[in-house]
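Student: I have the sequence and the model open. Could we go through some of the terms and see what stands behind them?

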Amino acid sequence: MRQFDEMYSRLPATGDAGEVRKHYAAYARWLQAQDPQTMAARREEAEMIFRRVGITFAVYGDKDEDGSGTERLIPFDLIPRVIAAQEWKSMEAGLVQRVTALNRFIHDVYHDQEILKAGVIPREQIENNAQFRPEMVGVDVPNNIYSHISGIDIVRAPDSAGNGEYYVLEDNLRVPSGVSYMLEDRKMMMRLFPDLFSQHRVAPVAHYPDLLLETLRASSPATTAEPTVVVLTPGMYNSAYFEHAFLAQQMGVELVEGQDLFVKDKFVYMRTTRGPKRVDVIYRRVDDDFLDPNVFRPTSTLGCAGLMEAYKAGHVAICNAVGTGVADDKSIYPYVPDMIKFYLGEEPILKNVPTFMCRKPEDLQYTLANLKDLVVKEVHGAGGYGMLVGPASTKEEIERFRAALLANPAGYIAQPTLSLSSCPTFVESGIAPRHIDLRPFVLSGRTVQMVPGGLTRVALKEGSLVVNSSQGGGTKDTWILQD
Amino acid sequence: MLSRTADHLFWMSRYMERAENTARMLNVSYETSLLPQSAAAVEAGWEGILSISELLPSYLALYKTITPRDVMEFMVKDVDNPSSIISCLRAARENARAVRGTLTTEVWETQNQTWLEVNRMLKSGEFERDPGQFFEWVKFRSHLSRGVTVGTMLMDESLYFMRMGTFLERADNTARLVDVKFHAMNNDFFGAPQYGGAETESTQEYDFYHWSAILRSVSGFEVYRKVYRDVIRPERVAELLILRPDMPRSLHASLNEVLSNLKLVAHDLDSDTLRDAGRLLSELAFGRIDEILATGLHAYLTQFLDRVNVLGGRISREFLMPSAA
């Protein structure tokens, strides 16, 4: 299969130094001059710092020797993923366009449903979707924004001429995570290699919490000049707890759990040492299902009873809004280019990966005939669970998926196996190419904005295309080079 | 601030303080056990440690006899014993992690580093090789934790609740220490000679080591000499540890801190919490040691512990876990 490497236009081989792409030239020279022992020492230093600072994530189901939940480090790779300014400019425009259309779509779905009436998306695809929240029909939200924080997963694969082409792999519009790693990775790189930053003009990302706070405040429904913003976390045993605490601290707002909140007369309050305090904006890192036991899962203790009533009364903002899942579902993904044309009258800047919708008989037939070459995904799956990577799977795994597909075709989509671009990465044997993706974080408040870059995830296992941290993926610092 | 946040901060400090006091007591018992003495006296000393923490029954459920090795194992490494040093450090770190965003980076990293290191030390056998060194390390981490708190935290409610936790726990721990140690003397020794009877050379010697051990466990040996310029007398030890406002680990000094921090967070100046703390403090401030000894030290301390416990409950209900408004 054709391969695209971010750093090399020709990969190094024995007796051949390879050919470095222009925007990596200065970095390659620097790397060449580094002594391998120093780099190894830096790797250890990075790990020690991450552990001391407690930048960890919990792995569900795992227990350590003491029987407590495992806190793991996400492996951090020292070699940055570098993107040239020009490329980023076009990607950024594509992201603004895509997220704008997605927000229009969610608003439409819960109001006039023009896109369904126009027949662009089949009605049953929406109304039979488990992520569609009938509770949200007719509910107005501030600025008509639903997905305030969107994590758009982008991959790069070679086209027929061998040039790298960006594709959106999926949209994460519920509670996308990972932005803290983007920020911590940069901090770590600047700490370990300050000289690199004096040699490169790397666009800064540290103002993300500021933009986030601005976005959240802009979503406040109250007329108060000083809206009270809080971050709602499921608690310290959640896999992304570090990020919740980190963002709350960086924004200088309270990190609350469901038990800290209560609703009285359709207003939300938190319990403080000085009595109840009104809450105006909730940046929730809890799924819809757990937000309000009166409306959703009745056994949930992670949310707050009565929250939906306060929300519908317009007394509190929930970010992201309830019901955004209807737009990031894999069965809706194939329609995003159509949404862009429908709502904005524009041609999509960012490409979708060609997708077979197995609910269609001809797509199912094609998928079943080509399982060994395709990636098959559960429509509602996330985190790299519930998917089949055809070329990397055994006969048994393929047959298991075939049975599952036949039993419930509508539950799956299939895509060609993209050869994700690679980036040189430190591994046991030295430096070797490993596959990567990119998750930029797009903020929608009064305007749509983002910090340059995003989180680069890397599949550390040779040949693996799965970059999720729950599946042994690591992260890299992402550099957008300024001209 | 969030009540739950205040609760975590309060308990983070309490657990760190408890870990320190446990290390102090174990260290003194460990050092004392190196002196020549009867097996019964050694056993009584270690039993005292367990009584202080009200852990004798749960210890005896696990071990048949009281040996220094087993008591140390139980009080340092046993993750199922909620008062062991490892359990206290774990609870302190878990509470810190729950509110890490409220802590300064330095405070959080100190707690996290303590936790990572204690695990390494206990796994690598460093504790068994040199228990004294390990206890010193626990004390040092607690000093560091308090210092970094005072040195970096914004002087607002967060800090006040942390300080309140530290000193409420210290008042409790010092009271237990004094109670058990005086009790032990009464039982196996005080019977005849101490008040009135003739002192023999060996009882004098025993006395010196016993009382100086208590003093050293609260870093009070040098303080005693400085304050009293006298040989060590039990009633003065009691006075130092209970009534002296300038002895940093005394009940009086601890309650002083509890009340002053409580005043800083109180919004209801007429609350029972404030009243309780104020009463407790004024009894210490205006009390006399001869009166306390005359009415019975054990009875006095038992009552004191009850009242500290009630005060903790009031603080919790008023600030940390208010019922829904």
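**Helices, domains and chains**

Tutor: Helix 8 of chain A packs against helix 9 (residues 241-251) of chain A at an angle of about 80°, and their axes are 9 Å apart. This is a predicted model, in which local features need pLDDT of at least 70, side-chain atom pairs count only at pLDDT 80 or more, and totals for chains, interfaces and linings use all residues. Residues are numbered from 1 along each chain as its sequence is written, while chains are lettered from A and ligands numbered from 1 in the order in which they are written.

Student: Why is helix 8 of chain A called roughly perpendicular to helix 9 of chain A?

Tutor: Angles of 65 to 115 degrees count as roughly perpendicular, under 35 as roughly parallel, over 145 as roughly antiparallel and the rest as oblique. The angle here is about 80°, so helix 8 of chain A is roughly perpendicular to helix 9 of chain A. Axes are lines fitted to C-alpha atoms, for helices over the stretch in contact, and angles run from 0 to 180 degrees between N-to-C directions.

Student: What makes a run of residues a helix or a strand?

Tutor: Helices (H or I, at least four residues) and strands (E, at least two) are DSSP runs, numbered from the N terminus.

Student: Which residues of helix 8 of chain A meet helix 9 of chain A?

Tutor: A:Pro209, A:Leu212 and A:Leu213 meet A:Leu247, A:Gln250 and A:Met251 of helix 9. Two residues are in contact if their C-beta atoms, placed from the backbone, lie within 7 Å.

Student: How many residues of this contact are nonpolar, polar and charged?

Tutor: The contact has 5 nonpolar, 1 polar and no charged residues. Ala, Val, Leu, Ile, Met, Phe, Trp, Tyr, Cys and Pro count as nonpolar, Asp, Glu, Lys and Arg as charged, and the others, Gly among them, as polar.

Student: What are the domains of chain A?

Tutor: Domain 1 is 8-221 + 316-349 + 418-480, domain 2 is 222-315 and domain 3 is 354-416; such bounds come from an automatic or database domain assignment. In chain A, 30 residues of domain 1 are in contact with 32 residues of domain 2. Helix 8 of chain A gives the largest share of the domain 1 side, 5 residues.

Student: How many residues link chain B with chain A by contact?

Tutor: 22 residues of chain B are in contact with 24 residues of chain A. On the chain B side, helix 6 of chain B gives the largest share, 5 residues. That side divides into 12 nonpolar, 5 polar and 5 charged residues.
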